[in-house]
Amino acid sequence: MSKLNVTTVSSGRVLASTRLADPIFQFGTETVLKTTVVYPDRLFDNASGIELRQRITKIIEAGTETILIDFSNTAFIDSLGLGHLVLALKAARLAGVPIYLCSLNDQCRIIFELTRVNTIFDIFPDAATFRQTVTALIA
């Protein structure tokens, strides 16, 4: 079972928090104003890619309007993890839920560019830039 921190936030108040244990990787999510932020950690490989796809499915079923995957804690992405990320995007698009990415480190960015996956995702430098952009589009 993966180590998972799930926090649901509404109007600045924490509504629910869950923690499951696994020494290999950890995932976290939070929902703020109908945007769910997913935080993969350290190594994003096949196992964590499967976990991500399962989380994305549950998040979509819960009715989120937007998903942001924040890679600020991720040191490495392999090809299997990347494949699961693309499959998660496909599922989200079928459901009409946009997925955005942010905070890719140099190694992750190079993998995205070499595989041209950067052309199918909207990628922001960090979560703050994402929030500013989304707020500007809504206003």
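**Strands, helices and what they bury**

In strand β5, T66, L68 and D70 point one way while I67 and I69 point the other way, and all are buried (buried is under 20% relative accessible area, exposed over 50% and partly exposed in between, with a 1.4 Å probe and protein chains only). In a regular strand, side chains alternate between the two faces of the sheet. With five of its five residues buried, β5 is mostly covered.

A word on the model itself: it is predicted, so to speak of a local feature takes a pLDDT of at least 70 and to count a side-chain atom pair takes pLDDT 80 or more, whereas totals for chains, interfaces and linings use all residues. Residues are numbered from 1 along each chain as its sequence is written, and side-chain values use heavy atoms, with hydrogens and water left out.

Read from the N terminus on, the elements go β-β-β-β-α-β-β-α-β-α-β-α. Of the 139 residues in the chain, 40% are buried.

Now for the neighbours of β5. Strand β4 (residues 35–44) has seven of its ten residues buried, so the rest of the structure largely encloses β4. β4 and β5 (residues 66–70) run parallel and are joined by four bridges (strands pair if DSSP finds at least two bridges between them). Among the partners across this pairing, T35 goes with T66 in β5, and V37 goes with L68. L68 also stands opposite Y100 in β7, and β5 and β7 pair in the parallel sense over four bridges.

Between β4 and β5 comes helix α1, and β4, α1 and β5 make a right-handed β-α-β unit (right-handed means that, with the strands pointing away from the viewer, the path from the first strand over the helix to the second runs clockwise). Helix α1 covers residues 46–61, and at 1.5 Å a residue its 16 residues should span 22 Å; the end C-alpha atoms are 23 Å apart, which agrees (the expected span is 1.5 Å times one less than the number of residues). The buried residues of α1 are S48, G49, E51, L52, R55, I56, I59 and I60. Looking down the axis of α1, these buried residues fall within an arc of 165°, so they line one face of the helix (the arc is that of the directions from the helix axis to the C-beta atoms). As a rule, an α-helix has 3.6 residues a turn, so residues three or four places apart point the same way.

The ends of α1 have their own details. D45 caps the N-terminal end, with a side-chain oxygen 3.3 Å from the backbone nitrogen of A47 (a polar contact is a pair of N or O atoms within 3.5 Å; within protein, one must be able to donate a hydrogen and the other to accept it, and residues adjacent in sequence count only if both atoms are side-chain atoms). S48, found in α1, is buried at a relative accessible area of 1%, and its side chain reaches the backbone oxygen of L43 at 3.2 Å. After α1 comes G63, with a positive phi near 95°.

Helix α3 (residues 106–115) is capped too: a side-chain oxygen of N105 lies 3.1 Å from the backbone nitrogen of Q107 at the N-terminal end. S103 sits in the loop between β7 (99–102) and α3; S103 has a positive phi near 65° despite being a residue other than glycine, and it counts as buried at 15% relative accessibility. R116 follows α3, also with a positive phi near 65°. R116 lies in the loop between α3 and β8 (122–124), and at 55% relative accessibility R116 counts as exposed.

As for cysteines, C102 is buried with a relative accessible area of 0%, and C108 counts as buried at 0% relative accessibility. A search of the whole structure turns up zero disulfides (pairs of cysteine sulfur atoms within 2.5 Å).

Finally, T133 lies in helix α4 (residues 127–138). T133 is partly exposed, with a relative accessible area of 30%, and a polar atom of its side chain lies 2.9 Å from the backbone oxygen of T129.

Note on methods: Helix = DSSP H or I, 4+ residues; strand = E, 2+ residues; numbered from the N terminus.
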